[in-house]
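The sequence and structure come next.

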Amino acid sequence: MADPVIQTEDQDWAAICASAELGDEEMLTARVGEWQILMVRSGDGLSAFNDCCPHQSARLSTGRLRRGAIMCPLHGARFDIGSGRCVGAGYAPLLRMPIRERNGIIEVAPPQRSPAPDEIPKDA
Ligand code: FES
């Protein structure tokens, strides 16, 4: 079970796309301010992460989504799409962001700070 991502009404929610644009077992990316966001839908669950591997800052969206995990394209670390935790290796978890669907629109609330240098994908 994933730790809850705290959501409050005073967060700065950004409308990203229509709900139908993100299908089941698919990934979609967006940029909001300085943050590069990776969204994933799996069954009834939606998750949003910083699109950056905590190991060496590879862009995760260029990896694959398989069996409930995002696989990093650089060294193959796998991250659970519910919790963002690394599966089978000791890397830090992914930075999760609040995500919701409202009136057929997917909204994400990225952090209200700038990303640190190691939170920006290396190819950005
Ligand atoms: S950069 Fe992702 S596992 Fe190394």
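## Confidence

In the chain, where is confidence lowest and where is it highest? Strand S5 has the lowest confidence, at a mean of 94, and strand S7 (residues 78–80) the highest, at 98.

The model is predicted. Over the chain the mean pLDDT is 92, and 91% of the residues reach 70 or more. Where pLDDT is low, the predicted coordinates should not be read in detail.

## The three-stranded sheet

Three strands form an open sheet with antiparallel pairing, in the order S1-S11-S10. Its edge strands are S1 (14–18) and S10 (99–102), each of which pairs on one side only. On average, neighbouring strands of this sheet are turned by 30 degrees against each other, direction ignored.

S10 and S11 (residues 105–108) are joined by four bridges in the antiparallel sense. Within this pair, Ile 99 stands opposite Val 108 of S11. The hairpin of S10 and S11 has two residues between the strands, and Asn 103 takes a positive phi near 50 degrees there.

## The four-stranded sheet

A further open sheet has four antiparallel strands in the order S5-S6-S7-S8. S5 and S8 (86–87) are the edge strands, and each pairs on one side only.

S5 runs antiparallel to S6, and three bridges join them. Arg 66 has Ala 69 in S6 as its bridge partner. S5 covers residues 64–66, and S6 covers residues 69–71.

## The nonpolar core

The largest nonpolar core has 26 residues. Those with the most contacts inside this core are Ile 37, Leu 38, Met 39, Ala 48, Leu 60, Met 97 and Val 108. At least two core residues come from each of S3 (35–42), S4, S6 and S11. S3 gives the most, with five residues.

What is Ala 48 in contact with, leaving aside its neighbours within four places in sequence? Its partners are Ile 37, Met 39, Arg 96, Met 97, Ile 99 and Val 108.

Most residues other than glycine have a negative phi. Glu 25 is not a glycine, yet has a positive phi of about 60 degrees. Glu 25 sits in the loop between S1 and strand S2 (26–32). Why does Glu 25 count as partly exposed? Glu 25 is placed in that class because 13 C-beta neighbours lie inside 10 Å, and a residue is exposed at 12 or fewer and buried at 20 or more.

Ser 57, also not a glycine, has a positive phi of about 65 degrees. Ser 57 belongs to the loop between S4 (45–50) and S5. With 18 other C-beta atoms within 10 Å, Ser 57 is partly exposed.

Definitions and conventions: Residues numbered from 1 in each chain as written. Predicted model: local features only at pLDDT ≥ 70, side-chain atom pairs only at ≥ 80, totals over all residues. Pairing = 2+ DSSP bridges. Axes fitted to C-alpha atoms, helices over the stretch in contact; angles between N-to-C directions. Core = buried A, V, L, I, M, F, W, Y, C linked by C-beta atoms within 7 Å. Contact = placed C-beta atoms within 7 Å. pLDDT = per-residue confidence, 0-100.
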